[in-house]
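Please read the following account alongside the sequence and the coordinates, taking each part of the fold in turn.

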Amino acid sequence: VKPKNQRLGLLILAIVCVLGAVLLAMSALRDQAAYFYAPGDVARDGLPLGRAVRIGGMVKARSLKHKKDGVTIEFLVHDETTNTIKVRFRGIPPDLFKEESGVVAEGRFQDDGLFVADEILAKHDENYRPPEADGEKHRSGTLQ
Amino acid sequence: MIAETGLAALWLAACLSLLQLAFGVMALRPGGDSLLRAVRPVAVAQAAFVAIAFLALIQLFLRTDLSVALVAANSHSMKPWLYKFAGAWGNHEGSMLLWVTVLGLAGAAVASLERRLPERTLIATLAAQAAIGLGFYAFLLFASNPFKRLAVAPPEGQGLNPLLQDPGLAFHPPTLYFGYVGISVAFSFAVGALVTRDVGPAFARAMRPWVLGAWIFLTLGITAGSYWAYYELGWGGWWFWDPVENASLMPWLAATALLHSVTVLATRDGLRAWTVMLAVVAFSMSMVGTFLVRSGILTSVHAFAVDPQRGTFILVLLALYIGGALTLFGLRVGTVKEGSTFEPVSREGALVLNNLFLSAILGIVLIGTLYPLVTEAAGVKVSVGPPYFNLVTGPIALALAAAMATGPLLRWRRDRLAEVAARIALPILIAALALFVLILRVPGLRILPLLGLVFALGVGAASLAPLWKRNLRRTPLFTWGMVIAHLGIAVALAGMASETAFTKERLVAARPGETIDVGPWSVRFDAVDPIEGPNWTAIEGTLTARRGNAAPLRLKPQARMFSSPPTETSEAAIATRLDGQLYTVLGKSDESGRWQLRLWWKPFVTLIWLGGFMVAFGGLLALVGRVWRERRPRRQLEEASA
């Protein structure tokens, strides 16, 4: 092999490989990225079923209920609209989780509109607020 | 007075770094030879002054001088000594000062130790180092002065984030910074070689110890950071694909690729432009790592509150660094001559494969990490988490492991497929046997953990194969290093697969006196008691864990309340056994007197970090072995000339 040809071959191989990785990544992102929904979005656009999403807003006052098993909680999340999402979470909620403060949860919607959270996002610094929980205006959902 | 001294030293160091750059550039121009001798001493002086500035900051923290804004915002007079000391870099300004200090010291080390390179290439290297340093000095002096005084000193400091009040803080950030800085030194060598058109084996041999050193520190930093997150956050996970974790993983991936291609360049004089390109990529990734974390645009545990102006400054610096590096590469890559060639089936070929897989993983992690930023600019909020990263990187990582198993068994330049197959037959047999046994004996095992275990066994066997039929006493140290590092990867892979496949979890609300079973353990919840620490109070649970006839274990998980700043954290209690860890977390109580308890039994989880440390130790052996071997000819040379 001539050195020049080998170098060209390696260059092409590298470009193909990196392009392949980029395409793979983009197609996986389409399915695997979790989009963010506020209660108003769900009311407007319908339930995003069948994929992991994040929801966020404020925990409604006096809506937090502890289930009998002692490790499951249910609460309502609301935003500046009058809509709410009912959330169920099994686990130990983060220390900063309380009524009338911001919350972001990751999980899936059930057909009946109940959001089953796998994780309640906890950030452990009192200065830290997840940007989604600031109640700022945002559009969400479609990226096609 | 200490703060003023520190600031003055920082300014002086910045000026010296400007001088180092100017001298370096002038020395390389025609007729500038007289300046060649001036650059090395300037680099040493710069390091001395920046070290003084850093020591001054540490002194301020140890004294808790609350008239300094940074100390007042991040320290507290009642804090334990270690956290006052480590707290000096447990904040934005301090950590940037640490970065630039390490950079300065590395520059001084290059200036005073490196004698193999042609003088002009070395001077160009030092000038490149100064240019990198200048950006950091500007950032410190204009946008994040650590020595700023307050008009009125507050009576007490605001304290350090309790999550950071852990011995890990003294170890984890400096280790990663050593790694980032080491990569920037490697990049400076690449710049030096590009500028003087001197890309070849000599340059590769000068650069290799720095790449190896940086890679060892990154490996240690990532391993330690993973274990720290594992026991401190109380979620039982060891890798979250958090943007900041990715920011440390990406430079590691690039450095791993560079480490292997620099070996080809040093040994076989192949992959010249390729190696320089990887140095540029690795440097870019370490800048992305440093700056994405510091700019606060990524939301994470590590993102201390940062003002947006500072974020802009950082992004401009980032663009300048990466843009400059790529431009220089683009302009000069044409002058790099083709290296020597090789057949596809050869050690070089396997290393190219290694580089391609690593680059692909790097690209996938980079895209996943930056994707939320891009969509957010378009007004759509998304988060990218483990489902994406595990799905896409998992299969490529396994392919990479296969390449890693085969590569060391290949000859340089040209090898024959049939002979290679004979050498790799035994490991493949072991892997196939493992696959067979696992499918039969462990039904319901998911595909990725299954393949992980199979590959771990096969790769582990293959990584030992280079020692086969060799005189072990005469095997060079760097070969031992390679074997141990590759074995470490297999060990870590086994730990990850085992943890993913076999972890048992229980989450219950229990009253004292109740017993909970998790995996092979039966855990009795004995009591809860209030206790008090130096700057916190806590509720402490007492658990007694029994398994078989062995002596029972006592575990004491805590829920801690810190007073300054007022924060609650949970301190997991972990019992380590040879075959795994029992991990316990105490949650909250309810009205009826029950406490939430979360228990995990994680078989062989410790292999993950054991493997990580083996990889780093292997790197250390290789580094020592290389430096030792390459030292000898030089000494002979000096003796001959004396």
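What is shown here is a predicted model. In chain A, the secondary structure amounts to 2 helices and 7 strands, and these elements follow one another along the sequence in the pattern α-β-α-β-β-β-β-β-β. Chain A has 144 residues, of which 43% count as buried. If one takes the contacts in chain A between residues at least 6 apart in sequence, 55% of them join residues that are at least 24 apart.

The crossing in which α5(B) passes α6(B) is left-handed. On the side of α5(B), the residues that make this contact include B:M96, B:L97, B:W99, B:V100 and B:L103, while α6(B) contributes, among others, B:L122, B:L126, B:I132, B:F136 and B:Y137. Sorted by class, the contact of α5(B) with α6(B) comprises 15 nonpolar, 4 polar and 1 charged residues.

Helix α6(B) also packs with helix α2 (residues 36-63) of chain B, here at an angle of about 30 degrees and with the axes 10 Å apart. The crossing of α2(B) and α6(B) is left-handed. In this contact B:L36, B:V39, B:R40, B:A43, B:Q46 and B:V50 of α2(B) meet B:E119, B:L122, B:I123, B:L126 and B:Y137 of α6(B), a set of residues that divides into 8 nonpolar, 1 polar and 2 charged.

B:E245 lies in helix α9 (residues 243-268) of chain B, and its relative accessibility is 12%. Because residues under 20% are classed as buried, B:E245 counts as buried. Leaving aside residues up to four places away in sequence, B:E245 touches B:W239 and B:F240.

An open sheet of 4 strands in chain B has the order β2-β11-β10-β9, with antiparallel pairing. At its edges stand β2 (504-510) and β9 (573-577) of chain B, each with a single partner strand, so one side of each is left without a neighbour in the sheet. Neighbouring strands of this sheet are turned by 15 degrees against each other on average, direction ignored. Strand β2(B) is joined to strand β11 (residues 595-603) of chain B by 7 bridges, the two running antiparallel, and B:V508 stands opposite B:L597 in β11(B). Helix α8 (residues 201-232) of chain B packs on the sheet, where it touches β9, β10 (580-589) and β11 of chain B, and its direction makes about 40 degrees with that of β10(B). Helix α16 (residues 477-502) of chain B lies across β2 and β11 of chain B and runs at about 135 degrees to β11(B).

Strand β3(B) runs antiparallel to strand β4 (residues 521-532) of chain B, to which 4 bridges join it, and B:D517 stands opposite B:S522 in β4(B). The two strands form a hairpin with 2 residues between them, and B:G519 in the turn has a positive phi of about 55 degrees.

Strand β4(B) in turn pairs with β5(B) in the antiparallel sense over 10 bridges, and these two strands form a hairpin with 3 residues between them. In strand β5 (residues 536-546) of chain B, 8 of the 11 residues are buried. Strand β5(B) is joined by 3 bridges to strand β6 (residues 553-555) of chain B, again antiparallel, and in their hairpin, which has 6 residues between the strands, B:G548 takes a positive phi near 60 degrees. Strand β5(B) also pairs with strand β7 (residues 558-562) of chain B in the antiparallel sense over 5 bridges, with B:W536 standing opposite B:F562 in β7(B).

Methods: Residues are numbered from 1 along each chain as its sequence is written. Chains are lettered from A and ligands numbered from 1 in the order in which they are written. This is a predicted model: local features need pLDDT of at least 70, side-chain atom pairs count only at pLDDT 80 or more; totals for chains, interfaces and linings use all residues. Side-chain values use heavy atoms; hydrogens and water are left out. Two strands pair if DSSP finds at least two bridges between them. A crossing is left-handed if the near helix is turned anticlockwise from the far one by less than a right angle, and right-handed if clockwise. Contact means heavy atoms within 4.5 Å. Ala, Val, Leu, Ile, Met, Phe, Trp, Tyr, Cys and Pro count as nonpolar, Asp, Glu, Lys and Arg as charged, and the others, Gly among them, as polar. Axes are lines fitted to C-alpha atoms, for helices over the stretch in contact, and angles run from 0 to 180 degrees between N-to-C directions. Buried means under 20% relative accessible area, exposed over 50%, partly exposed in between (1.4 Å probe, protein chains only).
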